[in-house]
Amino acid sequence: MKSTTSSRLRSIDILRALTMLLMIFVNDLWTLTDIPGWLGHKAASEDGMGLADVVFPAFLFIVGLSIPLAIRARLKKGDSKWQILKHITERTLALLIMGVFMVNLEHIHADNLPIPRVLWQILMAAAFFLIWNAYGQNWKNRFQPWILKGTGWVILLFLAVVYTGYGNGQETWMHVYWWGILGLIGWGYLFSALAFLLLGNRPGLLTGVFILFMLLNINEFQTPFGFTLKLVVSASNLALVMGGVVLTSVMLLLREKNLIRFLIPVTLAAAALLMLFGFLTRPVWGISKIQATPSWTAICAAITAIAFALVHLLADRAGWYRWADIIRAAGTSTLTCYLVPFFAYAIRDLSGLTLPSVLTTGIAGILKSILFAILIIQITGILERMKIRLKI
């Protein structure tokens, strides 16, 4: 086991890698036909979950798992709370900027662009790499990072200037249709990181914040307080991240008191309570990712907590972690891994490459998408070895 102040934990990295593998896989399902419906998203009007409906909330929960370890590591290094607050703010802004650009890509009016849509997409992803790459000493010996970062910002400015899109049935400039996947992560990270920074490693108080976010999520449907309060995005996002924060906070406290043997029972008990809440309230709101119902929030948090307990037993307790080496890069260079498909799909569009229908249908298609996800992770690993790795 690692020390209580370690900023990395094998089980968290592996769970993050597994979730990213699934995220790339389900994001590629649109290229397939004749596949089981349970693999994809359920419609907003349906009461239930598909595999794709569990992946993003799991990622949010894992974001929360990392927050206490990261903040404690910075404090141990000597950073002040103001320095950590600055880092939290910068990280949030980076996620929001990337999220908004990606959302506007979905609404782009290609016919009115001075450049092809696929080039706009490539330049957007390339700008993200230029701005937020982790420039180590090898880079600094050959380039001036500020020039590369500045070039990235100029590219984003250019893309914003030439942008036209559709909104509400008419042509429009860039705006926030919604915050995008990265933006939702950003808001969840911001509120949860601030809670841990202010309250410290106090599981009881942090659990109170989690309950508050769950109540706000309920309030989005039932308004039991007589008023509606929304912290920018659905409180479901905040609750999922905060759930991960609470779990790691409990783990740290148990370690300090030499009671780590109770982590798995405590985790499973909490997961059982969340699962019970989710299914008992299902008749009230239904289970829906699109609507972000409290039942869905609780069940997804429970599923991820159980998954963490299993991976923790394997990787941290039993020391069995080599099996995850093939997807390791997805857990250590996660943002890089998320952006690589933007290049892959763009290259496919530019090349005009299409696969035979037999490879995009049924079981063969599913295997194709699994292999595609693994390939993306291997490319991420190559980039990591080349010192190309986004870090915010």
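How many aromatic pairs does a search of the whole structure find? The search finds 13. Rings of Phe, Tyr and Trp (its six-membered ring) pair if their centres lie within 6.5 Å; planes under 30 degrees apart are stacked, over 60 edge-to-face, the rest tilted.

The model is predicted: local features need pLDDT of at least 70, side-chain atom pairs pLDDT 80 or more, while totals for chains, interfaces and linings use all residues. Residues are numbered from 1 along each chain as its sequence is written, and side-chain values use heavy atoms, without hydrogens and water.

**Aromatic rings**

Tyr-345 and Phe-372 are a tilted pair, because their planes meet at 35°, with the centres 5.5 Å apart. Tyr-345 belongs to helix 14 (residues 334-351) and Phe-372 to helix 15 (residues 362-385), 27 residues apart. Helices are DSSP runs (H or I, at least four residues), numbered from the N terminus. Tyr-345 is buried at 16% relative accessible area. Phe-372 is buried too, at 16%. Buried means under 20% (1.4 Å probe, protein chains only). One aromatic cluster consists of Phe-101, Trp-120, Phe-128, Trp-132, Trp-153 and Tyr-163.

**Charges over rings**

Here CZ of Arg must be within 6 Å of the ring centre and within 35 degrees of the ring normal.

| Charge | Ring | Distance to ring centre |
|---|---|---|
| Arg-10 | Tyr-321 | 3.9 Å |
| Arg-91 | Tyr-189 | 5.0 Å |

**Helix packing**

Helix 2 (residues 52-77) packs on helix 9 (residues 235-256) at about 45°, axes 7 Å apart. Axes are lines fitted to C-alpha atoms over the stretch in contact, and angles run from 0 to 180 degrees between N-to-C directions.

Key: Helix = DSSP H or I, 4+ residues; strand = E, 2+ residues; numbered from the N terminus. Buried < 20%, exposed > 50% of the residue type's maximum accessible area, 1.4 Å probe, protein only.
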